Amino acid sequence: MPALLVAFAALCGCAAQPEPQMTAKEQASLDAVLAGRTAAAPVTCVSRHLLRGNRGFGEGVILFEGATGRAVYVNRPPGGCPELNPFRALRIKTTTGQLCRGDIVSVFDATSGIEYGSCGLGDFVEYRK
């Protein structure tokens, strides 16, 4: 029983990862996109029909573009998203028409197809003009 408790404690320690830090350039780019927009309350899911594309701002922020161009959705994966950058794409697999907190996305190079890792999504914050 003590060995089981030690193993459980070790797993819990691994789950609490620090939030990835953005560079000043990444933060400035994100700030420019969000300028003039107002944030709504975080939501756990967004319909995929409301989205048309995405891009990464460092390993800590994914910006999903709204289908109409009026809204963007910011997602901060709790543990970050390894190797995410503006030159990589996300492979999204869901069984529903929504993207939700906890859904797993994979980071890959669209040209070579090389996969760099995956991450679980966080809450979505809509920013509207």
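A disulfide here is a pair of cysteine sulfur atoms within 2.5 Å. By this rule the count comes to 2 disulfides, and the link of Cys-81 and Cys-119 is left-handed, with -70 degrees about the S-S bond. Keep in mind that this is a predicted model, where local features need pLDDT of at least 70, side-chain atom pairs count only at pLDDT 80 or more, and totals for chains, interfaces and linings use all residues. Residues are numbered from 1 along each chain as its sequence is written, and side-chain values use heavy atoms, with hydrogens and water left out.

**Disulfides**

- Cys-81 and Cys-119 have an S to S distance of 2.0 Å.
- That pair links distant parts of the chain, 38 residues apart: Cys-81 is in the loop between strand S5 (71-75) and strand S6 (89-92), and Cys-119 is in strand S9 (residues 115-120). Strands are DSSP runs of E with at least two residues, helices are runs of H or I with at least four, and both are numbered from the N terminus.
- Cys-81 and Cys-119 are both buried (buried is under 20% relative accessible area, exposed over 50%, partly exposed in between, with a 1.4 Å probe and protein chains only).
- The other bond joins Cys-45 and Cys-100, with sulfur atoms 2.0 Å apart; this link is right-handed, at 115 degrees about the S-S bond.
- Cys-45 counts as partly exposed because its relative accessibility is 28%, while Cys-100, at 15%, is buried.
- Number the bonded cysteines in sequence order and the pairing reads 1-3, 2-4.

**Asn-75**

- Asn-75 sits in strand S5 and is buried, with a relative accessible area of 0%.
- A polar atom of the Asn-75 side chain lies 2.8 Å from the backbone oxygen of Gly-122.
- Asn-75 also touches residues including Val-61, Phe-64, Leu-121 and Phe-124, leaving aside those up to four places away in sequence (contact means heavy atoms within 4.5 Å).

**The largest pocket**

- The largest pocket has a volume of about 170 Å³. A pocket is an open set of points on a 1 Å grid over the protein atoms alone, where a 1.4 Å probe fits, with protein on both sides within 12 Å along at least five of seven lines; lining residues have an atom within 4 Å of a point.
- Among the residues lining the largest pocket are Lys-25, Glu-26, Arg-55 and Phe-57.
- Helix H2 (24-34) and strand S3 (51-57) are the elements that give two or more residues to this lining.

How values were computed
Points joined across faces, edges and corners; volume = space filled by probe spheres on them. Polar contact = N/O pair within 3.5 Å; in protein donor to acceptor, adjacent residues only side chain to side chain.
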